[in-house]
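Colleague: I would like to learn how to read a model of this kind feature by feature, beginning with the general idea each time and then turning to the case at hand. Could we start with burial and charged pairs?

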Amino acid sequence: MKGLGKAKKVMMIGIDGFDPIYAKPLLDAGKLPNMKRFLEMGVTTPLMSMQGAMPTYTPPNWCSMATGAWPGTHGITCFWNHTLGDPLDKLSTGFDSQKCEAEYMHDALANQGLNSIVVGWPTTWPPTNERTILLDGSGIHPFITESADYEKFVICDETFDKVTFKAHIANDSGAECFVTEEVQEKKFGVTTTEHTQKVTGLSVDESILEGAADEIMAPIKAAEGWSFDTLDAKETIFLVNNGKERRYALIKAEDGIYNTVEVYVNKKAENPLGKVKLGEWSEMIYDEFTKDDGSKFGAAYRLRLLKMSNDGSSLYMYGSFATDMNSEDHVYPGAVRKELFKELGAPLMWSNCGRNDLEKNTIMYETMVLSCRWIMDAVDYLMENKEWSLVLQGLHIIDQGNHAHLTGIHLPGEEGEMNREFLEKYYILADEYISRAFKWIDKGVAVIIASDHGGLAVGDDSNELGDAWKLNIGVMQELGYTVLKEENGEQVIDWSKTTAIAQRSQYIYVNLKGRDPEGIVDPAEYEALVEKIIDDLYNYREPKTGRRIVGMALDREEMESINLYGPHVGDIFYTMTRDFAHDQGNTMPTVSRGETSIRCLFMAAGPGFKSNSIIDKKVEIVDLVPTLCYLLGVEPPQTVDGGVIYQILED
């Protein structure tokens, strides 16, 4: 019991998508010096990893890290959730704290009179107690679901004759973990590779990013009608507020070469809202947008001038998501949001503008750097100025890099090299994040650094099974369990003939009479049908190679052995074999492929922990909360499933 209450305060840092296997060569090459220092100060396992929950996706694993409970206990069982008895195509968000049926660690501390700070921790919004300062947690990135304006590309040219606006295609499915529309429930329709290619001419992955940003096109002409002398400047139009309002831009030259854009509310304004030079980011631009009812609200965004001809006849510019400066949402208490904005300025939200070229990859990475540093500063400010015993802080640095670049790291030539270089940059940014822990360790804070999952370099994920963001039609249709029909020119599920459907990352549901609204399977036939589906999954072979794609399939009783149970799991749970798994989630949580793995990062340092040590013991994701509670000397959450990792404690 020597470690009991040994820490004055405790902190858990979560880095979404951090793969300890991929990080090892970077660590050995000296590219992650802060991680190296942290390991020398603390303790880890032989692979610097712990075992995540199943499925090893973002919401269930972040929830397990914050509660010490398995998904069967806390009830968040995939990226999206389903409740038995709801229509089989009806899903609800997995990020909602109201869906969590376990007690969070910060709730347990609040019940014992202690304060916490929780920043950017998925599944923790809305607030669950009055003693915790909470900065979002409703998704992957703070504030992005309430953005005042969408990210955009602005293309201006003297040959254009009018202003046009092409809106982004909304992605409310959370594909690639990027959620920009706040959706609590969603009815999922039929999406197949064949259908996507027929409609868009693109693969499913490409279609996710087609139209990912707004696009504005506007003419350039000589500046005229301004309230001041514009000399040899040219002018163009810049649209804001989702295309509803105009801003006027002056294109200016230095030494005869055009290289600057200034943005004005109108031509009568004496001072610009902001300006940006070629190849640079603007400072934060503080603007005022108009609501549909005519009222005004503050908005903040940044611009990056990507290209401009020397004579000012054309330009290409990026505009970021805009932050709503007047909202008090997504921070509790609401006044803390305004306090942070006053102290740190407005946050920049990171981009998801595309994957197909160096320029867009650079934009995505640079927005990640700027936005993550704001969150790091916000955490430090709160820790320095508020009372707390626990801090949970999460950043989604590596996960964004994984979605953008993991599929390309094994490509030949320059494309593969570009993807490897960018992914390395994301790990170096995560290493900067780790450096923020040292001053708090020096002040007596015990720190655990962990990740919710790693990321597998994609093998062959062309089989339509195991996708967390959709109904999985292909394989189940081939096997004859899911039947489609055409209705009003669209393919829909024929529930009168569908006996089972694959839903989310790893669940199959029998369309059961008396339980499911469209149920047709007699309960007397249930067990036999489940057995037959499992047989067919094991026997299914990938068409090109003849290899098995399903690694394990379990019925509801068998699922309990991997801590999946209750009303939010299916009738069958399956895993994909490693070569047919997606980049995360739908395989076993210890699987690796080449230089990548799905494993979760684990390391700990500070008072109460061993130093410069490696323990030969399996650590599980549910063990983090009870271990921190033990060091803090408090009772763990009542619903905790894990146990104290005594082997990592000194003495």
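Modeller: A residue is called buried when its relative accessible area is under 20%, exposed when it is over 50%, and partly exposed in between. Please keep in mind throughout that this is a predicted model. At 4% relative accessibility, arginine 247 therefore falls on the buried side of that cut-off.

Colleague: Which residue does the side chain of arginine 247 meet in a salt bridge?

Modeller: The general idea is that a salt bridge pairs a side-chain nitrogen of Lys or Arg with a carboxyl oxygen of Asp or Glu within 4 Å. Here the side chain of arginine 247 meets that of aspartate 287, with 2.9 Å from N to O, and aspartate 287 is likewise buried, its relative accessible area being 8%. Arginine 247 belongs to strand E13 (residues 245–254) and aspartate 287 to strand E16, so that distant parts of the chain, 40 residues apart, are linked by the pair.

Colleague: How many salt bridges are there by this rule, and where do lysine 277 and glutamate 254 lie?

Modeller: The count comes to 33 salt bridges. In the one between lysine 277 and glutamate 254, the closest N and O atoms are 2.5 Å apart; because lysine 277 lies in strand E15 and glutamate 254 in strand E13, this pair ties together parts that are 23 residues apart in sequence. Lysine 277 is partly exposed at 25% relative accessible area, and glutamate 254 is partly exposed at 40%.

Colleague: Which residues do salt bridges that share partners join into one network?

Modeller: Lysine 439 is in helix H12 (residues 438–442) and aspartate 380 in helix H9, so parts that are 59 residues apart in sequence are tied together. Lysine 439 is partly exposed, with a relative accessible area of 33%, whereas aspartate 380 is buried, with 10%. Through shared partners, Asp377, Asp380, Glu384, Arg436 and Lys439 are joined into one network.

Colleague: How should I read the nonpolar core, and which residues have the most contacts inside the largest one?

Modeller: In soluble globular proteins, nonpolar side chains tend to be buried together. In this model the largest nonpolar core has 104 residues, and those with the most contacts inside it are Met35 and Phe38. Its largest share, 14 residues, comes from helix H9 (residues 358–385). Phenylalanine 38 touches, once residues up to four places away in sequence are set aside, Ile434, Ala437, Phe438, Ile441, Val447, Ile449, Met603, Ala604 and Ala605. A second, separate core has 46 residues, among them Ala66, Ala450, Ala604 and Ile645.

Colleague: For a pair of helices, at roughly what angle do the axes of H10 and H11 cross?

Modeller: An angle over 145 degrees between N-to-C directions counts as roughly antiparallel. The axes of helix H10 (residues 397–405) and helix H11 (residues 413–435) come within 9 Å and cross at roughly 175 degrees, and the two helices are therefore roughly antiparallel to each other. The contact includes Ile397, Ile398 and His405 of H10 together with Phe422, Leu423 and Tyr433 of H11, and its residues divide into ten nonpolar, five polar and no charged.

Colleague: Why is helix H16 described as largely enclosed by the rest of the structure?

Modeller: Helix H16 (residues 624–632) is so described because nine of its nine residues are buried. What covers these buried residues includes strand E1 (9–15), strand E2 (43–50), helix H3 (58–67), helix H5 (105–111), strand E23 (445–450) and strand E33 (600–605). Glycine 633 follows H16, and its phi is positive, near 80 degrees.

Definitions and conventions. Residues are numbered from 1 along each chain as its sequence is written. This is a predicted model: local features need pLDDT of at least 70, side-chain atom pairs count only at pLDDT 80 or more; totals for chains, interfaces and linings use all residues. Side-chain values use heavy atoms; hydrogens and water are left out. A nonpolar core is a set of buried Ala, Val, Leu, Ile, Met, Phe, Trp, Tyr and Cys residues joined through side-chain atoms within 4.5 Å. Buried means under 20% relative accessible area, exposed over 50%, partly exposed in between (1.4 Å probe, protein chains only). Helices (H or I, at least four residues) and strands (E, at least two) are DSSP runs, numbered from the N terminus. Contact means heavy atoms within 4.5 Å. Axes are lines fitted to C-alpha atoms, for helices over the stretch in contact, and angles run from 0 to 180 degrees between N-to-C directions. Angles under 35 degrees count as roughly parallel, over 145 as roughly antiparallel, 65 to 115 as roughly perpendicular and the rest as oblique. Ala, Val, Leu, Ile, Met, Phe, Trp, Tyr, Cys and Pro count as nonpolar, Asp, Glu, Lys and Arg as charged, and the others, Gly among them, as polar.
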